Amino acid sequence: MRWTSTFIPTLKENPADAEIVSHQLLVRAGLVRKLTGGLYTFLPMGLRALRKIERIVREEMNRAGAIEVLMPALQPPDIWQQSGRYVSAREVLYKVRDRANKEWLLGPTHEEVITTLVAGEISSYRQLPRNFYQIQTKFRDEIRPRFGLMRAKEFIMKDAYSFDVSDEAAQASYQKMYDAYARIFHRCGLRAMPVEADTGVIGGKFSHEFMVPAESGENEVVYCESGGYAANIEKAASRGPLVPTPQSNSGPALEKFPTPGVVTIEALSRAPHRVAPHQQIKTLVYVVESKLTLVLLRGDDQLNEAKLAGALGTNQLRPATADEIAPVLGAHPGSLGAIADTLKAEAASLPVYADEALRGAGGMTTGANEDGYHFRHVQIERDIRVTRWADLRTVQAGELCVASGQPLKVRRAIEVGHVFKLGTKYSEKLNALYLDESGTQHPCVMGCYGIGVTRTLQAVIEQSHDKDGIIWPLSVAPFEVCITPLSVAPDSPVMQCAERIYAALIEAGIEVILDDRDDRPGVKFKDADLVGFPLRVAVGEKSLARGEIELKPRGGAVAPVKTEFAVEAVRTWLETARADFRISNLKSQI
Ligand code: ATP
Ligand code: MG
């Protein structure tokens, strides 16, 4: 490919709306252009890198025994009604109408479609297991599309769905996908770590997200350096808070005391009251499926809404407003509590969910359900009627790992993939049933597995760049080699030499771009670094006079090479780079 025959609109300045470096580089290196927020056009260099990632994904999915299909992006709403997600997923669903005013959905995911297919095509255990996948465009009405391809309204996903006869068989399918994902991200040159993920209302322990550590990531990952534990913070557990909860079951009676104007944990911890946050009980009020629910945590803990949703068995929850709370509890946030004797008749029947860290707590302080008052000497088991104990708190860095006892770390990360054991939720609702050997009917046991292909592309850039631009891993670079002739006059020895090398590299099956632009060398070198080609071959008058060209790996040092060995040197460099990668691949699998 010649630079002038393709389209690589590089920019000197960062686009104003690009907050993170990978978004800036995507645009500056001319890989994509924004149509409008959350919608992007892939330009040739971006498209080449994207196709390479797709190819790696496809090879590994095929290797793992998955079968490629292509489903419609436009979907009928009735299957979504049937699965129950027409309502539960309504926030992300794009809906369109046809000429007869009938409604259609733009698919944000494809469980409903694939399960309908399987319901029609598979009826016997002899046809199972099956794993179908596709690489296709998804549509999601995201609240905040941002960070370029990271969170877009329209993006490319690889989604796979497995169908099995039993739980054990489904676990084997899950493991195959887990292993395939590890290989895919590694081959893309990404350091992605699998972490345990929230399984939401479905429950169970089979859900992992593949996370690329990055400051710009929208997720937080809790992990133990011993390597034995890593989980999304929504799911992560620990051995509990570092400062233990005061315990007592024989303390003095409750005592109400005035706390005028004190409405935060922090304010109560200061003079004159001086109640340390871990000696306070924080009372939150949630609206759960339109009913108020009290949630108790230690004052120094943060609620983890995903854990609360899991404990409640529903995603339909939100914090109650002060206007919803005051009439029922008789006080405003900051003075709330769950002491049984302070609850008015209407409030006494509300469910109380308490965090495990509060078990056995004594000598605690909590709101009195009267503005400007708190209670001290609270013994949770004596004074509060807890409906249910559950792990509801967010783990903090430094707490000890449940498995190893080592301090846990927390870091930000980008979710590039997700594997999930679904069970029979969709197969039951959409009738994906099979007959076993004895002729009895069962729902298929399903799993679903997604990779954000376009997000992965950007994650590679987020993880691999320097101040000059992108540093592509060889496996996903738009071109492996960029030849930069310092003069481009057609009959100049420089251009003739560049053309010879160009033709020979093409002949050798190497992906090469010839920068034939009539521009200053500085401009061309800068662009080659910005776009991030793994190897640059510079052909200039001075070095040519010595019978040499110059090789420069991206991010490495210049190496002069005799002109007659140029092609051989490029080939050797690429082979060595690939071999190094294979060795590290091998190591990562041991
Ligand atoms: P997130 O939590 O980031 O919204 P999700 O958990 O809703 O993602 P899944 O339904 O698990 O996403 O989709 C599978 C993969 O698709 C994700 O792991 C992610 O890589 C990618 N993905 C999801 N939403 C988007 C988006 N709006 N833009 C780009 N990629 C996305
Ligand atoms: Mg996910």
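This is a predicted model: local features need pLDDT of at least 70, side-chain atom pairs count only at pLDDT 80 or more; totals for chains, interfaces and linings use all residues.
Which residue has a backbone N or O atom 3.3 Å from an oxygen atom of ligand 1? G452 does.

Residues are numbered from 1 along each chain as its sequence is written, chains are lettered from A and ligands numbered from 1 in the order in which they are written, and side-chain values use heavy atoms, with hydrogens and water left out.

**View 1. Backbone atoms that meet ligand 1.** A backbone N or O atom of G452 sits 3.3 Å from a ligand oxygen. A nitrogen atom of ligand 1 lies 2.9 Å from a polar backbone atom of A152. For M150, a polar backbone atom is 3.3 Å from a nitrogen atom of the ligand. A polar contact here is a pair of N or O atoms within 3.5 Å; within protein, one atom must be able to donate a hydrogen and the other to accept it, and residues adjacent in sequence count only if both atoms are side-chain atoms. On its own, ligand 1 has 580 Å² of accessible area, and the protein covers 82% of that. Accessible areas come from the Shrake-Rupley method with a 1.4 Å probe; for residues, only the protein chains shown count as cover.

**View 2. The shell around ligand 1.** There are 14 residues around the ligand, and R140, E142, R151, A152 and E415 come nearest. A residue is near a molecule or strand if one of its heavy atoms lies within 4 Å of it. By class, the shell has six nonpolar, three polar and five charged residues. Ala, Val, Leu, Ile, Met, Phe, Trp, Tyr, Cys and Pro count as nonpolar, Asp, Glu, Lys and Arg as charged, and the others, Gly among them, as polar. Strand β21 gives the largest share of the shell, four residues. Helices (H or I, at least four residues) and strands (E, at least two) are DSSP runs, numbered from the N terminus.

**View 3. D529 in helix α15.** The helix spans residues 521–531 and includes D529. Is D529 buried or exposed? D529 is buried, at a relative accessible area of 15%. Buried means under 20% relative accessible area, exposed over 50%, and partly exposed in between (1.4 Å probe, protein chains only). Leaving out residues up to four places away in sequence, D529 touches D468, G469, I470, R536 and R554. Contact means heavy atoms within 4.5 Å.

**View 4. Cysteines without a partner.** A disulfide is a covalent bond between the sulfur atoms of two cysteines. The cut-off used here is a pair of cysteine sulfur atoms within 2.5 Å. The structure holds zero disulfides. C448 is buried, with a relative accessible area of 13%. C482 is buried too, at 1%.

**View 5. Helix α9 and the residue after it.** In α9 (residues 322–329), I325, A326, V328 and L329 are buried. The buried residues of this helix pack against β14 (281–288), β15 (291–298) and α10 (345–348). G330 follows α9 and has a positive phi, near 85°.

**View 6. E370 in a loop.** E370 lies between β18 (364–367) and β19 (373–378). Its relative accessible area is 32%, so E370 is partly exposed. E370 touches K256, A331 and S335, not counting residues up to four places away in sequence. The side chains of E370 and K256 are joined by a polar contact of 2.5 Å. E370 and A331 are 39 residues apart along the chain, yet their C-alpha atoms are separated by 5.0 Å.

View 7. The bond from L128 to P129 is cis, with omega near 0°. P129 lies in the loop between α5 (111–121) and β7 (130–139). The bond from A271 to P272 is also cis, with omega near 5°. P272 lies in the loop between α7 (265–269) and β14.

View 8. R274 is not a glycine, but its phi is positive, about 55°. R274 lies in the loop between α7 and β14 and is exposed, at a relative accessible area of 62%. S290 has a positive phi near 70°. S290 lies in the loop between β14 and β15 and is exposed, at 72%.
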